[in-house]
Structures are given as C-alpha cells and as structure tokens.
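Open the model in your viewer and keep the selection panel at hand. The stops below say what to pick and what to look for.

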Amino acid sequence: MNKPKVVVTRRWPAEIEARLKALYDVQLNESDIPMTADELKLALQTADALLPTVTDSITAGILGVEGKRAKIIGNFGVGYNNIDVNAAKAQGLVVTNTPHVLTDCTADIAMLLLLMSARRASEGDRLIRNRQWTGWRPTHMLGQKVTGKTLGLIGFGRIAQAMAKKAHHGFGMRILFYAPSQPAQAIMDDLQATRCDTVEELLSEANFVSLHCPGGEATRHLINEQRLKLMRPSAHLINTARGDVVDGKALIKALKEGWIAGAGLDVFEGEPNIDPGFLELDNVALLPHLGSATEETRVAMGNRVLANIAAFFAGEEPGDRVV
Ligand code: DGY
C-alpha cells in the first residue's frame, strides 16, 4: 500500500523528521524558509496531510483551494489561531494541535520574563556589554522584590496553572486569576488562588500580570490603553500568549510614561517584525518567542503531531483534534 503523503512547512527536530521519513512519503522543508500561500495551496492539493506551525497563516483563501487532497492539518503548536478553523471545518478538514507537552517550558519562560523584568536583567546585561558598569553601589539598578508579591493571571488554563504553581510554591506569591470558567476546587486550594470577577479588578490589584489567553479576534487588544492605566505604576506585564492580545502602541506609551514599571514579552503583534518603539526602551525584556523552545519539548511536540496523524490515517479519532 502507498504511504500517505505529508508536507511539513518548516524544519522539525531531526529525530522527528527521521520518523516522518520512515513512516510517510514526506516533503520536508530543508531550507526552513516559510512557504508562500501558493506553496501551501499546492501542498493541500498534493498531500494527504499538511503539517504547518504557528507562524504559517492558513487562511480561508488557502483552505478553499480547488481540488484538495488533504484531509488533515496537524499543527505543530498548541495555539492554532494561525488556522482559520471555521473555514477548515467548512471544508471538512480535521485540525489537530499539540497540547500538554509545552506547558512547563512555556510557564518557565513566563516566570523567567517576570524575574527579568522585576530585576532589570536585560538592562543589566546591556550595561555590562556596553562597558558602562562602574561598580556596585547601594542605589544602583534597584528593581522590585518578587517573593511574596501578587501575581494576576489572565486565562487560567494549563500554562497559567503551571506558572501559578511555580510562583506560589517557589516564590510564595499570592495568586489571582481571571478566567471564563471555575477551575476544580483542588487546584484553587493548592494555589490558594482567588478568582477575580473582572479583568479590571485583577489589573488594579496585581504586582505582576501574566497573559495566558488564546489569541484571535475575541482577545485582540484585550490589554489596551484604558486597561494599562488601571495597573499599578510599580506593576509588570508579562506576555507569553499571543502578541495581538496587547495593543503594542499603548504598551510602549505605558512603559515610556511610567504607567507601569516594566514588561516581559515573548510574543509580538506581527512578529518577527517588532515595533521599533520597544527597542528604545530599557524597561522591557524581549525574547524571540521561546516559550516551547527546549529540545525535549520540541521533540515531544513533533511526537504529538505524529500520533495525531497516525491515528487519523488508521481511521481513529486523533487525540488532539480541535475541529
Ligand atoms: C504554541 O505552541 O502555540 C507556541 O506559541 C509555540 O510553541
């Protein structure tokens, strides 16, 4: 029997590419250059499965291409706002993602950014590299203490809960969260967490605010000028979710004018193009979307995609089906 044909849009960890080669008639992307819309359309016309990642925009226009052969889109990523899932559903395509395996590493990056922002780590690193450090002194580069402070989480899914665990059990932080649904009582008890009725309530109380909601139209610019003004002048905003959850222009203004003390960002609107306004600021720590970027996690994400498409080709329900 012929092996199913699969198209992978970017380089994946070597051991996963080797498994794909053994199992499928696979088209890898050795150049690692993002595929164009036309190349993505052709992939849908010529392959049984398209395996994109979170930076490939799989629009309704692409999904609507005539003469499709593909039946499944196995996204390499837990977030799938890069795919127009309504259009995929209308076209009868199955879509899967890669949950669970990146939870801890993404929470680690959120905690890293929180610490970097609070303790001015990027600024200190720059100071040394620019050979401007003149030595220790009692008033030099004072940041804010993290231990015992209040962390407010917007969204309270797996990654937010993992961060809350690290923050509460590791740093003695008090946990507030805003989420559409109530988590299990055991989770609330373990974290001694308090649910806020509104985003506004959380923003005005927290010393650190960390974003953990999905991207997309429903959450676009959830953190806007008006809401940034509700935060404490000593507060820090951490974003490891999606860039478009924050109005970047408003955040730059908030950081410049001191409405808040700092920010730690792993994701950006329109990334990898970053608003140059961020680059001029000392009170923002910037990372290039590293949330899931560990060897272990990226291999686990690849295995998750492999399991999803294997189930699909075996006529079973893929474990991580989203539509
Ligand atoms: C995701 O999976 O959604 C992250 O943004 C990249 O790992």
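Select Gly 79 and the ligand. A polar backbone atom of Gly 79 sits 2.8 Å from an oxygen atom of the ligand. Bear in mind that this is a predicted model.

Now bring in Arg 242. This time a side chain takes part: one of the polar side-chain atoms of Arg 242 lies 2.7 Å from an oxygen atom of the ligand.

Which residues are around the ligand? Select Val 54, Gly 77, Val 78, Gly 79, Leu 102, Arg 242, His 289, Ser 292 and Met 301 to show them.

**Helix 1 and helix 13**

Next, select residues 14–23, which form helix 1, and residues 295–313, which form helix 13. Their axes are 9 Å apart, and the packing angle is about 20°. An angle under 35 degrees counts as roughly parallel, so helix 1 and helix 13 are roughly parallel to each other. The crossing of helix 1 with helix 13 is right-handed.

Show side chains at this contact. From helix 1, pick Glu 15, Ile 16, Arg 19, Leu 20 and Leu 23. From helix 13, pick Val 299, Gly 302, Asn 303, Leu 306 and Ile 309. Color by class: the contact of helix 1 with helix 13 has 6 nonpolar, 2 polar and 2 charged residues.

**Helix 5 and helix 7**

Move to helix 5, residues 103–118, and helix 7, residues 158–171. At what angle do their axes cross? The crossing is at roughly 55°, and the axes come within 8 Å. That angle makes helix 5 oblique to helix 7. The crossing of helix 5 with helix 7 is right-handed.

On the helix 5 side, select Thr 103, Asp 104, Thr 106, Ala 107, Asp 108, Ala 110, Met 111, Leu 114 and Leu 115. They meet Arg 158, Ile 159, Ala 162, Met 163, Lys 166, Ala 167 and Phe 171 of helix 7. By class, the contact of helix 5 with helix 7 has 10 nonpolar, 2 polar and 4 charged residues.

**Two backbone stops**

Go to the loop between strand 11 (262–265) and helix 12 (276–279), and select Pro 272. A cis peptide bond joins Glu 271 to Pro 272, with omega at about 10°.

Finish at Asp 32, in the loop between strand 2 (25–27) and helix 2 (37–46). Check the phi of Asp 32: the value is positive, about 65°, although this residue is not a glycine.

Note on methods. Residues numbered from 1 in each chain as written. Predicted model: local features only at pLDDT ≥ 70, side-chain atom pairs only at ≥ 80, totals over all residues. Heavy atoms only, no water. Axes fitted to C-alpha atoms, helices over the stretch in contact; angles between N-to-C directions. Helix = DSSP H or I, 4+ residues; strand = E, 2+ residues; numbered from the N terminus. Parallel < 35°, antiparallel > 145°, perpendicular 65-115°, else oblique. Left-handed = near helix turned anticlockwise from the far one by under 90°. Contact = heavy atoms within 4.5 Å. Nonpolar A, V, L, I, M, F, W, Y, C, P; charged D, E, K, R; others polar. Near = heavy atom within 4 Å. Polar contact = N/O pair within 3.5 Å; in protein donor to acceptor, adjacent residues only side chain to side chain.
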